[in-house]
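Take a look at the sequence and the model below. We will walk through a few places, one at a time.

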Amino acid sequence: MVDLLLGLQWGDEGKGKIVDVLTKNYDIIARFQGGPNAGHTLLFDGNKHVLHTIPSGIFHDKAVNIVGNGVVIDPVIFQKELENLAPYNIDFKSKLLISRKAHLILPTHRLLDAASETSKGKAKIGSTLKGIGPTYMDKTGRNGMRVGDLELEDWKDKYKALTDKHLNMLNYFDVDIEFNLEELEKQFCEAVKVLKQLTFIDSEEYLFNAMQNNKTILAEGAQGSLLDIDFGTYPFVTSSNTTAAGACTGLGVAPNKIGEVYGIFKAYTTRVGSGPFPTELFDEDGKTMAKVGHEFGATTGRARRCGWLDLVALKYAVQINGVTELHMMKGDVLSGFSTLKVCTSYNYKGKKITHLPYNIEPENVTVNYTEFKGWQDDLTKMESADQLPKNLIDYIEFIEKEVQVPIKIVSVGPDRKQTIFR
């Protein structure tokens, strides 16, 4: 069976840390979707690591890490990741395997991304400008270039044809995008040489054989369920399926081979970029969450918008993913609040509802809160569940009752050691 680990909010839930913590239980860690807009942050031994494409199990000696077919890869960013990991003497040839069916982000994909976003003006969706959307568009448009193409002698011909198409498309956008394509292509070709030194695999066959040999596998998601291209807050979403179904298509794993589904969520809610956010705070409480939680994007550095926990959205994410176990992150950030609030229902078109409707824009939705007593205790030094303050336990148990899934892990700090199992 393949266990899944995915985010239940708008991303940035702390998936990288938990994958790192759980990797000791698995033989294989496999990323199944998304691109280098992901920023999975790991902290241990006093060092901070930010991974964008490489799975979060890479620091464990025994784990094999796979970049699946559902991922889109920018060779230039990938090369930089490898260079950052060079001091750790990782055997990338045997520990980091790349699916031949994963699509490549070309320099002109990034140019198209920038032109498209700029042309939207105030209606922009908050793209990270990594070229991810245009790459997925080429994938579904059957024009894309894949990792396996790099093994063909004529891959540069295919690259040129797609690049020429993109340059023609840029003319349709009435915006001024400055770029030096010659320099961008030089960087790309150098990065491709590095990428080709790694091991390319038919990942669906590799994983099938691994399951036949009773290997333990954890599929690692990127972004969050509310950013899913189908089930997220469209159009302010990413370009891939971030939900559990994405693991099947992004790795070639049959649905009946899915085991546990670990859902990661923050004790509050954050969002980066544009899009509706019903529980967003614009007061001192929101500023405190942002400051204490260091709420800035690991990839972009953009400030994250902060708000109270939205149980309507969380229940929705639990349902569509079939979550079997919850992991609550950043409980320590809420220490010091005298009162906490949890959104338990929406007012939607004159009715009180407890499900996520088609449109949660502020003109359609207002929220109803349930209040809880806060706690003043510093959680960051706590090591076991019996040390947690009663008011936090009450908060946890209320969430469990509402979503009907147990919370098995409570994170009380960014370090891998600051993890409490219940």
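What follows is a short tour of helices, loops and some backbone details.

This is a predicted model, where local features need pLDDT of at least 70, side-chain atom pairs count only at pLDDT 80 or more, and totals for chains, interfaces and linings use all residues. Residues are numbered from 1 along each chain as its sequence is written, and side-chain values use heavy atoms, with hydrogens and water left out.

Start with a pair of helices. Helices here are DSSP runs of H or I with at least four residues, strands are runs of E with at least two, and both are numbered from the N terminus. Helix α6 spans residues 155–170 and helix α7 spans residues 181–195. They pack at an angle of about 145°, and their axes are 14 Å apart. Axes are lines fitted to C-alpha atoms, for helices over the stretch in contact, and angles run from 0 to 180 degrees between N-to-C directions.

Which residues of α6 and α7 meet? From α6 come W155, Y159, T163 and L167, and from α7 come L181, E185, F188 and V192. Contact means heavy atoms within 4.5 Å. Six of these contact residues are nonpolar, one is polar and one is charged. Ala, Val, Leu, Ile, Met, Phe, Trp, Tyr, Cys and Pro count as nonpolar, Asp, Glu, Lys and Arg as charged, and the others, Gly among them, as polar.

Next comes helix α8, residues 203–212. Its buried residues are S203, L207, A210 and M211. They cover an arc of only 95° around the axis, so they sit on the same side of α8. The arc is that of the directions from the helix axis to the C-beta atoms. Buried means under 20% relative accessible area, exposed means over 50%, and partly exposed lies in between (1.4 Å probe, protein chains only). After α8 comes N214, with a positive phi near 60°.

Why is helix α11 described as largely enclosed? Nine of its 11 residues are buried, so the rest of the structure largely encloses this helix. Among the buried ones are L311, Y316 and N321. The buried residues of α11 pack against several elements, including β1 (2–7), β11 (258–266) and α12 (390–403).

Now turn to the loops. UniProt, in an unreviewed entry, places a "binding site" feature at A298, T299, T300, G301, R302, A303 and R304. Its positions are given in the numbering used here, feature names are shortened, and annotations may be inferred rather than shown by experiment. R302 lies in the loop between α10 (284–292) and β13 (305–307). R302 is partly exposed, with a relative accessible area of 27%. A303 is also in the loop between α10 and β13. A303 is exposed, at 53%. Leaving out residues up to four places away in sequence, A303 touches E295 and F296.

Finally, check the backbone. Is Q223 buried or exposed? Q223 is buried, with a relative accessible area of 9%. Its phi is positive, near 55°, and its place is in the loop between β10 and α9. P235 lies in the loop between β10 (217–220) and α9 (245–251). A cis peptide bond joins Y234 and P235, with omega about 5°.
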